[in-house]
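Me: I am new to this structure and would like to go through it in short questions. Please show it first.

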Amino acid sequence: MAFSSYTGNNRRGGWSNSTLPSSNPKSKLPRKSRRRTFLRDLISANFFTIGLSISILFFIAVVLRYGIPKPFSSRFKPKSSLLLKPRKPVYRKPFASNETASGAVVDITTKDLYDKIEFSDVDGGPWKQGWRVNYKGDEWDSEKLKVFVVPHSHNDPGWKLTVEEYYDRQSRHILDTLVDTLSKDVRRKFIWEEMSYLERWWRDASETKREAFTNLVKNGQIEIVGGGWVMNDEANSHYFAIIEQVSMVLRQMTEGNMWLKDTIGVVPKNAWAIDPFGYSATMAYLLRRMGFENMLIQRTHYELKKVLALNKNLEYIWRQSWDVDETTDIFVHMMPFYSYDIPHTCGPEPAICCQFDFARMRGFVYELCPWGQHPVETDQDNVQERALKLLDQYRKKSTLYRTNTLLVPLGDDFRYISINEAEAQFRNYQLLFDYINSNPSLNAEAKFGTLEDYFLTLREEAERINYSAPGEVGSGQVGGFPSLSGDFFTYADREQDYWSGYYVSRPFFKAVDRVLEQTLRASEMMIALLLGYCQRSQCEKFPTNFSHKLTAARRNLALFQHHDGVTGTAKDHVVEDYGTRMHTSLQDLQIFMSKAVEVLLEVRHEKSDQNPSQFEPEQVRSRYDVQPVHRAISASEGSAQSVVFFNPLEQTRDEIVVVIVNKPDVTVLDSNWSCVKSQVSPEWQHDKGKMFTGRHRVHWKASIPAMGLQTYYIANGFVGCEKAKPAKLKFFTNSNPFSCPTPYDCSKLKGDMAEIRNRHQTLTFDVKLGLLQKISHKDGSQNVVGEEIGMYSSWGSGAYLFKPNGDAQPIVQAGGHMVITEGHLMQEFYSIPKTTWDKTPISHSTRIYNGDNTIQQFLIEKEYHVELLGHDFNDRELIVRYKTDLDNKRIFYSDLNGFQMSRRETYDKIPLQGNYYPMPSLSFMQGSSGNRFSVHSRQSLGVASLKNGWLEIMLDRRLISDDGRGLGQGVMDNRPMNVLFHILTESNISSTANPISNFLPLDPSLLSHLVGAHLNYPMHAFINKKPQEISVHPPPRSFSPLTASLPCDLHIVNFKVPQPLKYSQRPLEDYRFVLVLQRRQWDSSYCRKGRSKCLTIANEPVNLFYIFKELAVLNAKATSLNLLHDDVDMLGYIEQLGDDVQEGRVLIAPMEIQAYKLELRPNQ
């Protein structure tokens, strides 16, 4: 993705055979292991002898108590004699309960940085966002400067062009160029990140080119970094999708890493993320648990970069905020300057660095340097002057870091597209390197390198020389660097340009992304269950024949995690390409699931791809860019249609479900043909002239086994059961007369206030505005909600940036159209509000439910239908605001990738747009008394708390102009869409952490976790295409694969067969199944049982061998999240993990995600 330069020009924006001194193993000093308590300022001039004695005694005690640490195991062997420092062994305290843990001890938190930074944007001179960097000249006398210049090419899988267009025009040529130019000189190096392009090129490449590429990888000239299908976004992506794309994240990362391992035989261990617009701590955690050792990031707030650089803290150990045992530590290099292009990577003065981008010389396709001084060919006449000028920048940049090992990226978007361009860079730089390296008085050596070269040499230097600051906590894994916790949102690249707009851009497709994600997860489960219970080769054919479409679905979800995909920051035709791919995969998955239902229910034992299914999905999309519609059931007199529900969660699910019928006179029956109480009500639509669609909603309470199927029947004319009970309707309208649909009783709303209620809460609405005002609980307590719908006018906003002109203004006026639906299972307040515009941009429903043992009885369902269409809404951004009475002091919490919470605080010293944060799935406020107000979302949006007690969520944005970040267009392709929230109000039952004094993130309650799981993993419904005679009762049809529901805080992230196409070819002992589990951490100061029928939590081990009914788990083995590392010690998990799993026992610490390879066989 792009940068816009300060000049106003829009643009995208081991030492083998080395002459450097290698380390002498005898000279290495062992660094003592660190513990959680520290003696501050231990070593000083006056107490050196005492300090040294204590250190030696402590080291001996550790060795006697714990033994000598095992060496760190790695997929790669070092290219020199340098060895990585052994990781310290981790001994975790037993976790017997889910009490909220104390937080990690670190040197730096991002909150501390925000508190201290003034955000004054001082002009620093040549380095505008820094200062005039100088050096004495003697900094490298004892340890020479070691410069690694790392050539790279950033290839966006979709942005201004589609992924196929980019491949055809640029990426395939770049990969061809690499093979040709690197093969000419072993000193040349390169790194590559995006596996989507590499896999595509691999399919087209000749055997000769494939072999040449593989050889370049094996000899260290090419390093695969990250290895994900794409370089994923870190604000909007859900952790399931991130894992999958990396390992192909478990989608994004899994897909890329597995392809790489299977095809080229390498496993990445260094991550490279130069273009995501801000960084999540979740990504650092996932990478660590995938076996990654180091990561590089670029786009963080420019003021934050400056303060880190001033204190030489741009390299640090990233630690999760809950991690008291240092098990999640991963080493991070943060680039210091404005961009990842060549002018902003060699040193602090872009006007000079640009002169060393030799692809900008005249005759190439790239623009000349905007500072007016252009690169020239290096020759013997100018090499001294040029080399010294470049070395001066290297030296200045190195003063921002602690070590004398320096990383200098050399690349930009889609660079090295031709042999001439590549040769210009490699040829000129090699001449400069040769001059520097041949002059020992310069105390420097420069060469081309990879990330592996850089990090290996840096760690070796940090092993020899202690760079730790006095009193620094650091890490036991890599000494000499500070530890840090927190995340890096919201990103600003200059002035007051905060990149918070992309949290919401193209929200329609952000919602489709989640639908594809949960549909793919459900399909993966069904494939695993089909193959697990299959006892003969014939039944393997159906799921294995679906492998190609399954792989396409995995890759299409992974592709959209790209940082210009799910972000909504691509050209219109590229968004259409992403959307079409996801739509195609959704259709393929739904067809497969419809057929799988038949097999699992034993309607048919073997299913062929050619045979049409008896079932069809209850929801269907006609196009990639339209909302799904519900299929209507039309059972004629004397017939019934079956509806099958699949529950993708790991607990039995009691839930109020809904289907659409054409006629209201129906009866609901369960699988045994027993009567089920039900309710019928009209279906509404966003049309004030015709609110009633003519169809009806039938609600009833269903019970679906964990990861199982259950059948219900919608019957017409069934004798002996009560028909669905019609709801009562109350309406309010100031204009059009309300036409009461049959067979409902209708009355007019009276008074200024209206209510809907269930056993637990009463909701009060302002009838004039149609907005929720307060919630009253059965214990007499109340919560003011103060719902408000508003709009920002934003003439400076674009796809990336949110730049409002003042505050959002309310748009709802007195009047409008409202209908209350009152039934025994569901009550609803539906409103089409009156606004300035004839066609209002929003309508909304508020629903509450009655149902024993259901999660729904405790929540409020808010559904907003948004149509930000037409010129009236140009440069407008639509929000909903809840103005509660909580005293939250503008402190709130939003989730990171659906995995963990982050504490947010509104600062007056930064503008409104800088106080907006990503909300992938949850945000909550907590008052000083412990009361909470939580909003769960089914899609990623943006959230803020701009005033005390307010929670504001942006729903959609329509923007005419480009915001100067390279896209070259606004965001005008809005689609009608629904945004679904589940709102939860909670009171603490014991003392809670004070959000004001406690700077650590708070955890959701157990109930809140369950609410989020039910919202983001909804049940999948399938309708039988043909009605059946009521007189014929088929046998009960259900499927229940688990022996019991799992503990309520244990979540099955995925259960799948990674390679179904190879399933029958692999031996039984080859672990063909994968189970990924997550232990949720929850706040025990709220109701422990989640106010549901939650019976157990995961304090005791779960035995994998006995999870499934009639399925034997023959073997189980712990593995990394990308499924490529079975040495769990290197992943940071507790050391006992491997032995426990061999016996089937799984005890997971709160917050951890763990993957297990399994082999299953049906019980004989």
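Predicted model: local features only at pLDDT ≥ 70, side-chain atom pairs only at ≥ 80, totals over all residues.

Residues are numbered from 1 along each chain as its sequence is written, and side-chain values use heavy atoms, with hydrogens and water left out.

Me: How many disulfides does the count come to?
Reply: A disulfide is taken as a pair of cysteine sulfur atoms within 2.5 Å. One of the pairs is C346 with C353, whose sulfur atoms are 2.0 Å apart. By this rule the count is five.

Me: Which hand does the link of C346 and C353 have?
Reply: C346 and C353 are both buried, where buried means under 20% relative accessible area, exposed over 50% and partly exposed in between, with a 1.4 Å probe and protein chains only. The angle about their S-S bond is -85°. The link of C346 and C353 is left-handed.

Me: Is the disulfide of C534 and C539 left-handed or right-handed?
Reply: The sulfur atoms of C534 and C539 lie 1.7 Å apart. C534 counts as buried because its relative accessibility is 10%, and C539 is buried at 12%. The torsion about the S-S bond is about 100°, so the disulfide of C534 and C539 is right-handed.

Me: How many residues apart are C675 and C721?
Reply: C675 and C721 form a disulfide with 1.7 Å between the sulfur atoms. The pair links distant parts of the chain, with C675 in strand β23 (residues 675–676) and C721 in the loop between β26 (709–716) and β27 (725–726). Strands (E, at least two residues) and helices (H or I, at least four) are DSSP runs, numbered from the N terminus. The separation of C675 and C721 is 46 residues.

Me: Which strands are the edge strands of the open sheet of six strands?
Reply: The order in this sheet is β3-β13-β9-β10-β8-β7, with mixed pairing. Two strands pair if DSSP finds at least two bridges between them. The strands that each pair on one side only are β3 (108–109) and β7 (270–273).

Me: Which residue in β13 is the bridge partner of W318?
Reply: Strand β9 (residues 315–318) pairs with strand β13 (residues 483–485) in the parallel sense, over two bridges. The bridge partner of W318 in β13 is L484.

Me: How are α14 and α17 oriented to each other?
Reply: The axes of helix α14 (residues 507–533) and helix α17 (residues 572–600) come within 9 Å and cross at roughly 30°. Axes are lines fitted to C-alpha atoms over the stretch in contact, with angles from 0 to 180 degrees between N-to-C directions. Angles under 35 degrees count as roughly parallel, over 145 as roughly antiparallel, 65 to 115 as roughly perpendicular and the rest as oblique. Therefore α14 and α17 are roughly parallel.

Me: How far apart in space are F645 and Y712, C-alpha to C-alpha?
Reply: F645 belongs to strand β20 (residues 639–646), and F645 counts as buried because its relative accessibility is 4%. F645 and Y712 are 67 residues apart in sequence. In space, C-alpha to C-alpha, the distance between F645 and Y712 is 8.3 Å.
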